[in-house]
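User: I would like to learn how to read a protein structure feature by feature. Could you take me through one slowly, giving the general idea before each case?

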Amino acid sequence: MENHRKVLTFSAPSGCGKSTLINHLMTQVPDLHFSISCTSRPPRGTEQNGVEYFFLTPEDFRAHIAAGDFLEYEEVYAGRYYGTLRQQVDAQLEREHVVCDVDVLGGENIKKHYGERCLSLFIMPPSVQALRERLEHRGTDSPEVIDDRLKRAEFEISHAGNFDIVIVNDDLETAKREVVAAVRQFLER
């Protein structure tokens, strides 16, 4: 029997409501499960290996990179890696649909790998100015960090056309409906 399980990737600039939209989707569509990523950072608090992340040493992470085992990975800063192992996603796909919360390049790489079996979604801010206001309103970042996030957002937005679906999160309730409708339609195909 052919496996009809599918992959969903979500990418967005910081502050676009991606986590809120994904969490809403998970309550509306059954049989969706997060991909478990790898990281070279140590566990925080009550995090457990194989639950929130697979915790690897930087050396083990680099060995997986060298072997070509990652669908996507990023070195966030020196020796601090995050990535998605192909073998992990393939194992999850044996039993469930997989949701990947990744940066734009990761989303593009996963889409390339899975092709028609993957729906790539990009969550877009209504404008860069609106994004600036959201980030400032959150009150969690310094002006320098906000400027860096906005520079990165402009780069990420320039990649939006490489995604299957772009959803502008101007009104949260509308964006929630659009995400759920797009995913249901894809899964029923």
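Predicted model: local features only at pLDDT ≥ 70, side-chain atom pairs only at ≥ 80, totals over all residues.

User: Which residues have the most contacts inside the largest nonpolar core?

Analyst: The general idea is that, in soluble globular proteins, nonpolar side chains tend to be buried together. A nonpolar core is here a set of buried Ala, Val, Leu, Ile, Met, Phe, Trp, Tyr and Cys residues joined through side-chain atoms within 4.5 Å, and buried means under 20% relative accessible area, exposed over 50%, and partly exposed in between, with a 1.4 Å probe and protein chains only. In this model the largest nonpolar core has 26 residues, and those with the most contacts inside it are L8, F10, L25, L32, I123, V179 and V183. At least two residues of this core come from each of β1 (7-11), α1, β8 (118-124), α5 (128-138), α6 (143-157) and α7 (172-188), where helices (H or I, at least four residues) and strands (E, at least two) are DSSP runs numbered from the N terminus. The largest share, 7 residues, is supplied by α7. A second, separate core has 10 residues, including V7, V98, C100 and I110.

User: What does L32 touch, leaving out residues up to four places away in sequence?

Analyst: Taking contact to mean heavy atoms within 4.5 Å, L32 touches L8, L25, M26, H97, V99 and L187.

User: How should I read a pocket, and what volume does the largest pocket have?

Analyst: Rolling a probe the size of a water molecule over the atoms shows where empty space is left. On a 1 Å grid over the protein atoms alone, a pocket is an open set of points where a 1.4 Å probe fits, with protein on both sides within 12 Å along at least five of seven lines, and lining residues have an atom within 4 Å of a point. Grid points are joined across faces, edges and corners, and a volume is the space filled by probe spheres set on the points. The largest pocket here has a volume of about 1,300 Å³. Its lining has 44 residues, of which K18, E74, D101, V102 and D103 lie nearest the centre of the pocket, and the largest share of the lining, 6 residues, comes from α6. Counting Ala, Val, Leu, Ile, Met, Phe, Trp, Tyr, Cys and Pro as nonpolar, Asp, Glu, Lys and Arg as charged, and the others, Gly among them, as polar, the lining divides into 17 nonpolar, 11 polar and 16 charged residues.

User: How many salt bridges does a search of the whole structure find?

Analyst: Side chains of opposite charge can pair when their charged atoms come close. With a salt bridge defined as a side-chain nitrogen of Lys or Arg within 4 Å of a carboxyl oxygen of Asp or Glu, the search finds 13. One of them joins R5 and D31 at 2.2 Å, N to O, and this pair links distant parts of the chain, since R5 is in the segment before β1 and D31 in the loop between α1 and β2, 26 residues apart. R5 counts as partly exposed because its relative accessibility is 25%, and D31 counts as partly exposed at 31%.

User: Where do R132 and E136 lie relative to each other?

Analyst: They are 4 residues apart in helix α5, so about one helical turn separates R132 from E136, and their side chains meet in a salt bridge of 3.6 Å, N to O. In helix α7, E173 and K176 are 3 residues apart, about one turn of the helix, and the closest N and O atoms of their salt bridge are 3.4 Å apart. E173 is partly exposed, with a relative accessible area of 43%, whereas K176 counts as buried at 15%. Salt bridges that share partners also join E74, D103, R152 and E156 into one network.

User: Which residues of helix α4 are buried?

Analyst: In α4, residues 104-114, the buried ones are V104, G106, G107, E108, I110, K111 and Y114, and they pack against β1, β5, α3 (86-93), β7, β8 and α6.

Terms used
Residues numbered from 1 in each chain as written. Heavy atoms only, no water.
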